[in-house]
Amino acid sequence: MKIVFMGTPDFAVPSLSMLIENGYHVAGVVTQPDRPKGRKRQLAPPPVKQAALRYHLPVLQPDTLKDRDVLNQLKDWAPDLIVTAAFGQLLPPEVLQLPPLGCINVHASLLPKYRGGAPIHRAIMNGEKETGVTIMYMVEKLDAGDILTQVRVPIDDHDDVGTLHDKLSQGGAELLIQTLPRLERGEISPIPQDDALATYAPVIKREDERIDWSKPHHAVYNHIRGLRPFPVAFTTVNGQPLKVWKAIKTDQEQQNFASGTIYRLDETGIGVVCGDGVGLILTEIQPSGKKRMSAADFLRGAGAEWRIGQRLGT
C-alpha cells in the first residue's frame, strides 16, 4: 500500500514512524511550514518534518493544499491512501478524491465527542474520566467523517495534557497499524457519526487560560492540569499575571473566605479558596518575568510579602 502522510506536531510522529517500521511505502510527507520559535523567533521545522527527514522521505510544506503545484505533486506520488494526524488543515475535495482507498485521520477523541483542534485539553478541563482515539474517514466537514475504529483510554486524576498526549499519540499509532490491513481487505464497515451527539473542542485562546476562582475546587484543578505543559493556566496578582503549573486538591473547607482568597502560606504551597469554599494548594508557579519554581521557594523569596487574606484574580 502506498501512503502519503500528513501531520505536523509531536502527536503525529509515532503514527508516521509506525507506518515505516511496519513496512508501508510512505511516498511523501506533507506538513505545515516552518514557524518562528523561542525567544529569538528563529524558524523551526515541525516535528513531523524532522521525523520525515530522518527517514529520508520527500517533504512538502505548503501554506494551502489548494496550490496547483501541490496537487500535481500529490498526483505524482499516486497514493493508495492518505493518512492524516493533527495536520492542521482541512483537505479540499481534489485531495479527498485522489486516493482510491480515501483519506483517513487519527483523531485524539472518541468521536463524535470533542471534534476540533484541542480535544486533549478540553477533555481534561471538563473532568472526563475517559477519552480515546478514533480512526475516521476525512470529509469536507471538520472531524465529521464515518468512524472506522476506536480505542478507549482512561484519564487518570493525575494526568495532564503532556501525559495524556503521549498515551493517545502512541495508542493512535497502534490503532492505525491495526486498522490498515482490515481496511485494505474491506473488513471494516464504517459507522456514520451521530451529529446530535457531537461536542466541540475549539483551540485554546488566551481567555481560556485564566483561572476562574468562583468555580468548584475540582473544576479549577482540572483547568490547571488541562493546560499543562502548554499553554499553562494563569491568574493575576495586583494586575500582574501568575502562571500556575501545579496544584493539589484538599478537603479543607474555608467558608469564611471569598473565592480566590489566600488562606494559607507554608512549605506545602499557597492555599486558595475556590467557589465551593474548598481550598486548593498551588505547588508550582511562575511569576511574571521569572522562571517556573515551587511555591515554597517563591514564598522564601519574592513571595515573602504575600499575606493570608490576599485575593488572586485581581
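In this predicted model, the side chains of Asp159 and Lys167 meet in a salt bridge with an N to O distance of 2.9 Å.

Asp297 counts as partly exposed because its relative accessibility is 40%. Elsewhere, salt bridges that share partners join Arg115, Lys141 and Asp195 into one network.

Nonpolar residues were examined next. In soluble globular proteins, nonpolar side chains tend to be buried together. The largest nonpolar core comprises 41 residues, within which Phe5, Leu16, Leu19 and Ile104 have the most contacts; helix H6 (residues 161-184) supplies the largest share of this core, with 9 residues. Beyond its neighbours within four places in sequence, Leu19 is in contact with Ile3, Phe5, Tyr24, Val26, Leu176, Ile177 and Leu180. A second, separate core of 26 residues includes Met125, Trp213, Ala247 and Cys274.

Strand S11 (residues 240-253) runs antiparallel to strand S10 (residues 233-237), to which it is joined by 5 bridges, with Thr236 standing opposite Pro241 in S11. S10 and S11 form a hairpin with 2 residues between them, and Asn238 in the turn has a positive phi of about 50°. S11 is also joined by 8 bridges to strand S14 (residues 278-287), likewise in an antiparallel arrangement, and here the bridge partner of Val244 is Ile285 in S14.

Aromatic rings take part in two kinds of arrangement. The structure holds 1 aromatic pair, in which Phe298 and Trp306 are edge-to-face, at 4.9 Å centre to centre and with 80° between the planes. Phe298 counts as buried at 5% relative accessibility, and Trp306 is buried with a relative accessible area of 11%. Charged side chains also sit over rings: Arg206 lies over the face of Phe234, 3.9 Å from the ring centre, and the charged end of Arg292 sits over the ring of Trp245 at 4.0 Å from its centre.

Technical notes
Residues are numbered from 1 along each chain as its sequence is written. This is a predicted model: local features need pLDDT of at least 70, side-chain atom pairs count only at pLDDT 80 or more; totals for chains, interfaces and linings use all residues. Side-chain values use heavy atoms; hydrogens and water are left out. Rings of Phe, Tyr and Trp (its six-membered ring) pair if their centres lie within 6.5 Å; planes under 30 degrees apart count as stacked, over 60 as edge-to-face and the rest as tilted. Buried means under 20% relative accessible area, exposed over 50%, partly exposed in between (1.4 Å probe, protein chains only). A charge sits over a ring if NZ of Lys or CZ of Arg is within 6 Å of the ring centre and within 35 degrees of the ring normal. A nonpolar core is a set of buried Ala, Val, Leu, Ile, Met, Phe, Trp, Tyr and Cys residues joined through side-chain atoms within 4.5 Å. Helices (H or I, at least four residues) and strands (E, at least two) are DSSP runs, numbered from the N terminus. Contact means heavy atoms within 4.5 Å. Two strands pair if DSSP finds at least two bridges between them. A salt bridge is a side-chain nitrogen of Lys or Arg within 4 Å of a carboxyl oxygen of Asp or Glu.
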